[in-house]
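This briefing is meant to be read beside the sequence and the structure shown below. Please keep both in view while going through the points.

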Amino acid sequence: MLQSSRSVMGNYGTRGLCMQRGEGVYLYDVQGRRYLDFTAGIAVCVLGHAHPQITATLVEQAGTLIHCSNLYENTQQNRLATRLAELSGLDKAFFCNSGTEANEAAIKLARRYAYLKGQQNRTKIVSLPRAFHGRTLGSLSITPKAAYQEGYQPLLPGCDWASTLTETLEHIDKDTAACFVEVVQGEGGVHSLEVDFLRAIENRCHEAGALLVVDEVQTGVGRTGSFFAFERVGLHPDVVTMAKGLANGVPVGAVLARQEVADAFTPGSHGSTFGGNPLAMAVANTVVDIVAQPTFLEHVREVGDYLSTKLQSLGDEVSGIGLMQGMTVPDAKSFVAKAAEHGVLLTAVGNTRVRFVPPLIVQSQHVDELAQILAQ
Ligand SMILES: *Cc1c(COP(=O)(O)O)cnc(C)c1O
């Protein structure tokens, strides 16, 4: 029996489809219709749906230990922290449950780091035009999108952004605690930022003594064909935030930081009840074991290039890196609706951009299937 959504709040609008199960790169709705999934739960299910190793890890960890809180250490958390430190070149990790929480923690960490250095005026957080960092009040305050901020004022004081990318450089000054950047702006329309621009931001942060925070919530965990997108553009972040792909759909978030910055989170200064629980950590360890393999990342680059080429032959202003691509269409909402009617799931980002973020296990034949349907 299909239950009504009458009791669910309306913030997601009306959604035509109700999903039942998934397998690999396909989702099946309650009527049993099959869809080629180029949303991956919004760049989350990097290993696709019902991946046997994820299922096995979940079952095993559920029968071992789901939660014990951060009153105690747990081996899965320690293992994941070590692994992410190795992969990022940073030193320490803090775990939470979502992308917005990771950015929230990074805002707090940046301010507290300045505070403990005696720089009490260094409280400003700079973000970029078209940035997206999340929906809690802190992360929303560094997400300069009027539609998302409307009705929620007053927001966090000390958040600042320019109207153009180049002007952003001038906003980073002696009172700036941190500047947040995304290597590819996902929710902002899937726009890759110029490498030269990103390097200029990094240099300006160094000059001004501000921290560079790279938000890898969407771009991390292999999405762009390297484990982190910052590797592909040669950035040296002080702090990295992660979430979406990290546990293939089990809620998780992470903040990575270099030693000196991480040390600002002294005992009792921040926390999370669920963050770093053994269940999410175990699944994340399995995801990282698979995705960080060089052959897996090479596959992402290959199929990503193939997807990009196919999209360029079909549409305009194709932009992105790896398996994170965007395309301009006249009306994104109706494009996405039409694609779903033909059995392909896509997301609209803004009024005229369509986003392609399939599971990273997608094969070139699935890209062909997508292209065939889009060509219609
Ligand atoms: C999705 C996203 C977030 C927010 O993550 P949630 O888990 O939805 O809170 C933050 N930053 C970026 C770049 C994202 O794509």
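## Briefing on cavity, ligand shell, pocket and single residues

By class, the residues lining the largest cavity are 2 nonpolar, 8 polar and no charged. In this classification Ala, Val, Leu, Ile, Met, Phe, Trp, Tyr, Cys and Pro count as nonpolar, Asp, Glu, Lys and Arg as charged, and the others, Gly among them, as polar. The model is predicted: local features need pLDDT of at least 70, side-chain atom pairs count only at pLDDT 80 or more, and totals for chains, interfaces and linings use all residues. Residues are numbered from 1 along each chain as its sequence is written, and side-chain values use heavy atoms, with hydrogens and water left out.

**The cavity**

- Rolling a probe the size of a water molecule over the atoms shows where empty space is left.
- On a 1 Å grid over the protein atoms alone, a cavity is a set of points where a 1.4 Å probe fits but cannot get out; a pocket is an open set with protein on both sides within 12 Å along at least five of seven lines; and lining residues have an atom within 4 Å of a point.
- Grid points are joined across faces, edges and corners, and a volume is the space filled by probe spheres set on the points.
- The count by this rule is 1 cavity of 30 Å³ or more.
- The volume of the largest cavity is about 30 Å³.
- Its lining consists of His 67, Cys 68, Ser 69, Asn 70, Asn 74, Thr 273, Gly 275, Gly 276, Asn 277 and Pro 278.

**The ligand and its shell**

- Around the ligand stand Ser 98, Gly 99, Thr 100, Asn 103, Phe 132, His 133, Gly 134, Glu 182, Asp 215, Val 217, Gln 218 and Lys 244; a residue is near a molecule or strand if one of its heavy atoms lies within 4 Å of it.
- By class, this shell has 2 nonpolar, 7 polar and 3 charged residues.
- Helix α4 (residues 99-116) contributes the most to the shell, with 3 residues. Helices (H or I, at least four residues) and strands (E, at least two) are DSSP runs, numbered from the N terminus.
- A polar contact is a pair of N or O atoms within 3.5 Å; within protein, one must be able to donate a hydrogen and the other to accept it, and residues adjacent in sequence count only if both atoms are side-chain atoms.
- A polar backbone atom of Thr 100 is 2.8 Å from an oxygen atom of the ligand, and a polar backbone atom of Phe 132 is 3.3 Å from a nitrogen atom of the ligand.
- An N or O atom in the side chain of Gln 218 is 2.7 Å from an oxygen atom of the ligand.
- The ligand taken alone exposes 390 Å², and the protein buries 82% of that. Accessible areas come from the Shrake-Rupley method with a 1.4 Å probe; for residues, only the protein chains shown count as cover.

**The second largest pocket**

- The second largest pocket holds about 570 Å³ of space.
- Its lining has 25 residues, of which Gln 77, Ala 93, Phe 94, Phe 95 and Phe 265 lie nearest the centre.
- At least two lining residues come from each of α3 (75-88), β4 (92-96) and β12 (253-257).
- Strand β4 gives the most to this lining, with 4 residues.
- The lining divides into 11 nonpolar, 11 polar and 3 charged residues.

**Single residues**

- Ser 163 is in the loop between β6 (159-161) and α7 (165-171). Ser 163 counts as exposed because its relative accessibility is 62%; buried means under 20% relative accessible area, exposed over 50%, and partly exposed in between (1.4 Å probe, protein chains only).
- Ser 163 and Arg 130 are 33 residues apart in sequence, and their C-alpha atoms are 9.1 Å apart in space.
- Cys 159 belongs to strand β6, and Cys 159 is buried because its relative accessible area is 18%.
- Gln 153 and Pro 154 are joined by a cis peptide bond, with omega about 0 degrees. Pro 154 is in the loop between α6 (146-149) and β6.
- Ile 42, in helix α1 (residues 40-43), has phi near 65 degrees, a positive value in a residue other than glycine. With a relative accessibility of 36%, Ile 42 counts as partly exposed.
- Asn 248, in the loop between β11 (239-242) and β12, also has a positive phi, near 55 degrees. Asn 248 counts as buried because its relative accessibility is 10%.
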